[in-house]
Amino acid sequence: MYIVKRFITMLVTIWVIASLTFLIMKLIPGDPFASDADVLPEEVVENMRAKYNLDEPIPVQYVLYLKNLAMLDLGPSIQSETRTVNDLLAAGFPASATLGIQAIIVALIFGLLLGIIAALNHNKFLDYASMVFAIVGISVPSFILAPLLINFFAVKWGILPVASWGSFQHSVLPTLALAVTPLAVVARFMRSSMLEVMNQNYIKTADAKGLSSFKIVVSHGIRNAILPVVSFIGPLFVALITGTFVIEKIFAIPGIGKYFVDSIFNRDYPVIMGTTVFFSTILVVTLFLIDISYRFIDPRIKLTSKGD
Amino acid sequence: MVKTANDQLFRPLDPAKQQTDVIERPSLGIWKETFLSVIKNKLAVLGLVLLLAIIFLALLGPAMVPYSASQQSLTNTNQPPSAEHWFGTDDLGRDMWSRTWQGARVSLTIGFVAAFVDLILGVIVGGVSGYMAGRGKLGDRVDNVLMRIVEVLYGIPYLLVVILLMVIMEPGITTIIIALSITGWVGMARIIRGQILQLKSQEYVLAAEKLGTSHPKIITRHLLPNTMGIIIINLTFTIPTAIFAEAFLSFLGLGVQAPFASWGTMTNDALGVILSGQWWRLFFPAFMIAMTMFAFNAFGDGIQDALDPRARK
């Protein structure tokens, strides 16, 4: 029952996002055929507008769009005339998702390790070193880190290939470029919350009854400290697996990050709507799963008054 | 035997010392206590001084040299740092010192406003949402509505919102700030909600509630101080994130327009030239962002320790 209710809420949320986006999209001036209108005969432009239902009144366009959306049809793209939005997303999503998932895994593993090591060495060298690393990691954004990585690993040392896509080797540098900032944030969150947890009485109890420090950290420390990291990872995961404009551009990755930006500048209405609906779907599902995971991490957490 | 031991252990108190619950120093109140504790923390003071120095230079830095931030000098392009140009010059011969501090005004304003909105909206929405979840039908509904609003704001493409705002209002720094503020606090709200969900099942919250403490007071006095560490860390990351978001908008032609500078656009402009050895083009803006973050971190850690009695010596 709870799941059904949540599922309906998710659909409503996606519908609200889609409707607001549709409204904003129609409010901003611009026309997908602005550049064609100068060179093509008026009749041709009229026909093109008719093909995308742009000759209809806006409320009719809205209803038509929702009708297609209900059948999971995101419509044809205006920019790439022969392909539908579904085709574009299906073709580009695997590359973006691979990269995003790899980056999240790297950020989580090394961020958690760094944060835990820093907390266990509070106010000692390793703690300060991790703080410096975190500050540098986030002060140098990915769009600066990426060309530096390319320059050293690909151009100067020739260790890794770049500027194409296909093998695991090609994904190493973009993964690193994407992972550094989240890694730094995860490390800082984990350090702070680990410090808090390691101060608690149950840790002293565990220590007093002779549990090994490894066991204390793993089964009492991490589990109680990881919640902020889990909350932080949710929206970030969605943003990363749906592709990043800058990194995909720099590394020439055939992902979907570019559609989120290009479609808006080209006023490619079906692609704007398609990317938004796609993003929102992943968003609401991910945040739902994050909510569910809270219960597994800390069974004391009650999300609703019925105890779910 | 037992009796004598007890007699030795428990003797009547010397009547002169019976008044042990006399308060020896005046009660200071939470803010004064925090302030005194922060002042004693050397790293926190260093952070505060650095922050003030950066703000001071942002206000007066450009006036300290005879070059304005947008004044070009084509005979003086790409100069490394020297006595004449302290931070070097860029590809149009503009003085980097002057540009760095003029850019600081834009970037710090954007960063600080983003942090402030994070603090107000993110903490309130996250705090209320997390606290109300699981608190009867009404509570569930409050949490549900707030979290769905968060999802909707995060789901709408913010580039569209930026363009819409630029159509309605004049393009400029205010528009950028509003656009970044609309969605910027969403991450903070989610993180605070998660923290409150976990904390409110602790016994001291139950105790406070049973003693009749009001909901707002439980949130502000018991729950939020215990999430202070996470709040401060998130704030220190909000600032660079906002600075780079502005850089991305400028890159797309929607941000601060030339000849005005910001740390983000300066970092962005350095993209093409760092590989040819002009390190100062990247170093100074990136270094200032790092210093701002360090100052915030150090000062924030001090406040966090000051608010946490367990960390006090």
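This is a predicted model: local features need pLDDT of at least 70, side-chain atom pairs count only at pLDDT 80 or more; totals for chains, interfaces and linings use all residues.
The buried residues of α13(A) are A:Gly257, A:Lys258, A:Tyr259, A:Phe260, A:Ser263 and A:Ile264. They pack against α5 (85–120), α12 (245–250) and α14 of chain A, together with α6 (158–168) of chain B.

After α13(A) comes A:Arg267, placed in the loop between α13 and α14 of chain A. A:Arg267 has a positive phi of about 50° although it is not a glycine. Because A:Arg267 has 18 C-beta neighbours inside 10 Å, it counts as partly exposed.

## Two domains in chain A

The domain assignment of chain A gives domain 1 (2–70) and domain 2 (93–297), and the C-alpha centres of these two domains lie 34 Å apart. The contact takes 14 residues from domain 1 of chain A and 13 residues from domain 2 of chain A. On the side of domain 1 of chain A that touches domain 2 of chain A, α1 and α4 (58–70) of chain A each supply at least two residues, and α1(A) gives the most, with 9 residues. The residues of this side of domain 1 of chain A divide into 9 nonpolar, 3 polar and 2 charged.

## The contact between chains A and B

Across the complex, 53 residues of chain A are in contact with 47 residues of chain B. On the side of chain A that touches chain B, at least two residues come from each of α1 (2–27), α6 (125–139), α7 (142–156), α8 (168–198), α11 (227–241), α13 (257–266) and α14 (269–297) of chain A. The most is given by α1(A), with 9 residues. By residue class, the side of chain A that touches chain B divides into 34 nonpolar, 14 polar and 5 charged residues.

The predictor gives the complex an ipTM of 0.86 and a pTM of 0.83. For chain B, the mean pLDDT is 79, and 84% of the residues reach 70 or more. Among the elements of chain B, helix α1 (residues 2–9) has the lowest mean pLDDT (54), whereas helix α8 (residues 186–199) has the highest (90).

## The largest nonpolar core

The largest nonpolar core holds 161 residues, of which A:Ala146, A:Val186, A:Met190 and B:Ile110 touch the most other members. This core draws at least three residues from each of domain 1 (2–70) and domain 2 (93–297) of chain A.

Leaving out residues up to four places away in sequence, A:Val186 touches A:Ala107, A:Leu108, A:Gly111, A:Leu112, A:Gly115, A:Val229 and A:Phe232.

## Annotated transmembrane regions

For chain A, an unreviewed UniProt entry lists "transmembrane region" at residues 7–28, 99–120, 132–159, 171–190, 225–251 and 271–290. In the model, residues 171–190 of chain A are 100% helix and 0% strand, with end C-alpha atoms 27 Å apart, while residues 225–251 of chain A are 81% helix and 0% strand, with end C-alpha atoms 36 Å apart.

Residues 145–167 of chain B are 91% helix and 0% strand, and their end C-alpha atoms are 30 Å apart; residues 173–192 of chain B are 95% helix and 0% strand, and their end C-alpha atoms lie 29 Å apart.

## A buried alanine in chain B

B:Ala179 lies in helix α7 (residues 173–184) of chain B, and B:Ala179 is buried because 24 other C-beta atoms lie within 10 Å, where the class requires 20 or more. Its neighbours within four places in sequence set aside, B:Ala179 is in contact with B:Tyr158, B:Val161, B:Val162 and B:Leu165. B:Ala179 and B:Ile231 are 52 residues apart in sequence and 22 Å apart in space, C-alpha to C-alpha.

Methods. Residues are numbered from 1 along each chain as its sequence is written. Chains are lettered from A and ligands numbered from 1 in the order in which they are written. Helices (H or I, at least four residues) and strands (E, at least two) are DSSP runs, numbered from the N terminus. Two residues are in contact if their C-beta atoms, placed from the backbone, lie within 7 Å. Ala, Val, Leu, Ile, Met, Phe, Trp, Tyr, Cys and Pro count as nonpolar, Asp, Glu, Lys and Arg as charged, and the others, Gly among them, as polar. A nonpolar core is a set of buried Ala, Val, Leu, Ile, Met, Phe, Trp, Tyr and Cys residues joined through C-beta atoms within 7 Å. A residue is buried if 20 or more other C-beta atoms lie within 10 Å of its own, exposed if 12 or fewer, and partly exposed in between; C-beta atoms are placed from the backbone. Domain bounds come from an automatic or database domain assignment. pLDDT is the predictor's confidence in each residue, from 0 to 100. UniProt positions are given in the numbering used here, feature names are shortened, and annotations may be inferred rather than shown by experiment.
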